[in-house]
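Please look through the sequence and the model below before reading on.

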Amino acid sequence: PKSIFADGGQVITVNGAGFQNTSYECELHGYRFPSLVLSHTALNCFTPPGWVGSAVDPSPLLIYEGNSSTVVDISSSNAFAISEVYSQIAPSNGSARGDEAVLVTGNGFRYNVSYSCKFGIKVTAARYINTTTLTCSTPPILVAAQVSFSIRDRSLASIPLRLGPNDFSSTDGLQFDYYPEWIDRSPAYVDRLGSLDVSPTTLRVATITIRGFGFCQQCRYKCQYSTGATSEIETVAAR
């Protein structure tokens, strides 16, 4: 690969000549890690997990025979930079009201980079905690739905998502689920017949208005009461 990620666990295949069945070590950005000889013309370098931070400037890959002199020096035109990577978010769902904290776990985050979280088409600023953690707040959404999630750097490029060993994606690979939330109801009380007292001689069936966030116009909701009874809800607006 041409990109090396701070989470480690990648394989770099080096093509050359004259490799022997001996011990070689690879070095990148000052870190040494093991290798495996495949043939006289190829060997694999295995990047270590948990690089300390990430290196922006590319660095050539060096191959050492044991602890001796360099046997391979890949030119700077084929150098590698170390990129941040993220692997999960928690929680992966929240209220359509928004303004809830989401913890982003990864590796290689830098304190001097302005990161952002993208929920669908909405972007919020991320706060740096340490090299493995960011936090961001969910933006509000009009109608509850599942949206794509990604992390962006200051150039608005997507930071790779680690899907598995040696498996990375730069696309919007995670999903965040918004759910509707109700906050109040009116009236709060009705009589046993489900009616409101309009006058001493007049009763009418009570209509309970529920207010909240993220209601879907086409969705079917029900009210459930302490008696176990239910009634249909007509959605008038998303909030």
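Are F119 and F149 buried or exposed? Both F119 and F149 are buried, where buried means under 20% relative accessible area, exposed means over 50%, and partly exposed lies in between, with a 1.4 Å probe and protein chains only. This is a predicted model, in which local features need pLDDT of at least 70 and side-chain atom pairs count only at pLDDT 80 or more, while totals for chains, interfaces and linings use all residues. Residues are numbered from 1 along each chain as its sequence is written, and side-chain values use heavy atoms, with hydrogens and water left out.

A pair of aromatic rings is described by the distance of the centres and the angle of the planes. Rings of Phe, Tyr and Trp (its six-membered ring) pair if their centres lie within 6.5 Å, and planes under 30 degrees apart count as stacked, over 60 as edge-to-face and the rest as tilted. By this rule the count comes to 6 aromatic pairs. One of them joins F19 and Y24, an edge-to-face pair with 5.8 Å centre to centre and 80° between the planes; F19 is buried at a relative accessible area of 4%, and Y24 is buried at 6%. The rings of F119 and F149 have centres 5.1 Å apart and planes at 70°, so this pair is edge-to-face. It links distant parts of the chain, with F119 in strand 12 (residues 116-119) and F149 in strand 15 (residues 146-152), 30 residues apart. F119 and F149 also belong to one aromatic cluster with Y86, F176 and Y178.

Elsewhere, E27 has its place in strand 3 (residues 24-28) and is buried, with a relative accessible area of 17%. Its side chain makes a polar contact with the side chain of R32 at 3.3 Å, a polar contact being a pair of N or O atoms within 3.5 Å where, within protein, one must be able to donate a hydrogen and the other to accept it, and residues adjacent in sequence count only if both atoms are side-chain atoms. R32 in turn lies over the face of Y64, at 3.7 Å from the ring centre; for this, NZ of Lys or CZ of Arg must be within 6 Å of the ring centre and within 35 degrees of the ring normal.

For the chain as a whole, there are 0 helices and 24 strands, taken as DSSP runs numbered from the N terminus (helices H or I, at least four residues; strands E, at least two). Buried residues make up 38% of the 239 residues.
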